[in-house]
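The following exercises concern one protein chain, shown below. Each task is followed by a solution in steps.

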Amino acid sequence: TTTASRRADYAFWGVFAVLVLLALWPVWATDLLPVVDAGSHLQLIRIMHEYADSALLQKHFVRVHAVVPYLTYYKAVDWVACLTDLERANRIVLSLCLAALPVSALSLLRAAGRSRWLVLAVLPWLLNPDFFMGFFNFLMSIPLFLWLLAHHLRLLQRPTLLRAVVVAALLGVM
């Protein structure tokens, strides 16, 4: 690559990284997330996380093995909470969820042959009403959908068995 294209790459990735970090700043800047039902989400995750070790929780709650809308989000936070405290685990999962949106949008832009700079238009959408309402499971699905579209475009452009398997796997996850 030429020096000019290398500089353009550095400029893009620098701007991209700074803007993504700025978009994530509100998740880390406050003690209490400005989310409508953040407290109830965290309490339900705490019950799941401590259930096996708490006779009191086992007395008052029943473990249900059913697929519920928030299960993916709750389980992700629960797993990360094995490494850190629950609130930090929640912030890590939310940050990954939010950061996945521009990364997946970039993947779709590349698959569609569009300018990567267009991804910057996605960044203002990170902290949207669905985030503040606490619809984290929905927000987690958007990057999966964009990756699915990107892989589907690649499959249509150059069909291979591997690409078909990736599209099928992403559809299964969705």
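**Exercise 1.** In which helix does His41 lie?

*Solution.* His41 lies in helix α2; helices here are DSSP runs of H or I with at least four residues, strands are runs of E with at least two, and both are numbered from the N terminus. The model is a predicted one, in which local features need pLDDT of at least 70, side-chain atom pairs count only at pLDDT 80 or more, and totals for chains, interfaces and linings use all residues. Residues are numbered from 1 along each chain as its sequence is written, and side-chain values use heavy atoms, without hydrogens and water.

**Exercise 2.** Determine whether His41 is buried or exposed, and list what it touches.

*Solution.* Step 1: the relative accessibility of His41 is 2%, so His41 counts as buried (buried means under 20% relative accessible area, exposed over 50%, and partly exposed in between, with a 1.4 Å probe and protein chains only).
Step 2: leaving out residues up to four places away in sequence, His41 touches Tyr70, Tyr73, Tyr74, Gly134 and Phe136, where contact means heavy atoms within 4.5 Å.
Step 3: a polar atom of the His41 side chain lies 3.2 Å from the backbone oxygen of Gly134.

**Exercise 3.** Identify the buried residues of α4 and what covers them.

*Solution.* Step 1: the buried residues in α4 are Tyr73, Tyr74, Ala76, Val77, Asp78 and Val80.
Step 2: their cover includes α2, α5 and α7.

**Exercise 4.** Which residues of the largest nonpolar core touch the most other members?

*Solution.* Step 1: a nonpolar core is a set of buried Ala, Val, Leu, Ile, Met, Phe, Trp, Tyr and Cys residues joined through side-chain atoms within 4.5 Å.
Step 2: the largest such core has 37 residues, and those touching the most other members are Tyr73, Val77, Leu94, Val119, Phe131 and Phe136.
Step 3: at least two residues of this core come from each of α1, α2, α4 (71–80), α5 and α7 (136–157). The largest share, 11 residues, is supplied by α5.
Step 4: for Phe131, the contacts beyond its neighbours within four places in sequence are Val27, Val35, Leu94, Leu98, Leu126, Phe136 and Leu139.

**Exercise 5.** How many salt bridges does the structure hold? Describe each pair.

*Solution.* Step 1: side chains of opposite charge can pair when their charged atoms come close. A salt bridge is a side-chain nitrogen of Lys or Arg within 4 Å of a carboxyl oxygen of Asp or Glu. The structure holds three.
Step 2: Arg116 pairs with Asp9, the closest N and O atoms being 2.6 Å apart. This pair links distant parts of the chain, 107 residues apart: Arg116 is in the loop between α5 (86–111) and α6 (129–133), and Asp9 is in helix α1 (residues 3–28). Arg116 is buried at 18% relative accessibility, whereas Asp9 is partly exposed at 28%.
Step 3: Glu50 pairs with Arg46, with the closest N and O atoms 3.2 Å apart. Because these two residues are four residues apart in helix α2 (residues 38–50), about one helical turn separates Glu50 and Arg46. Glu50 is partly exposed at 32%, and Arg46 is partly exposed at 34%.
Step 4: Asp85 pairs with Arg88, the closest N and O atoms being 3.0 Å apart. Asp85 is partly exposed at 38%, and Arg88 is partly exposed at 44%.

Terms used:
Polar contact = N/O pair within 3.5 Å; in protein donor to acceptor, adjacent residues only side chain to side chain.
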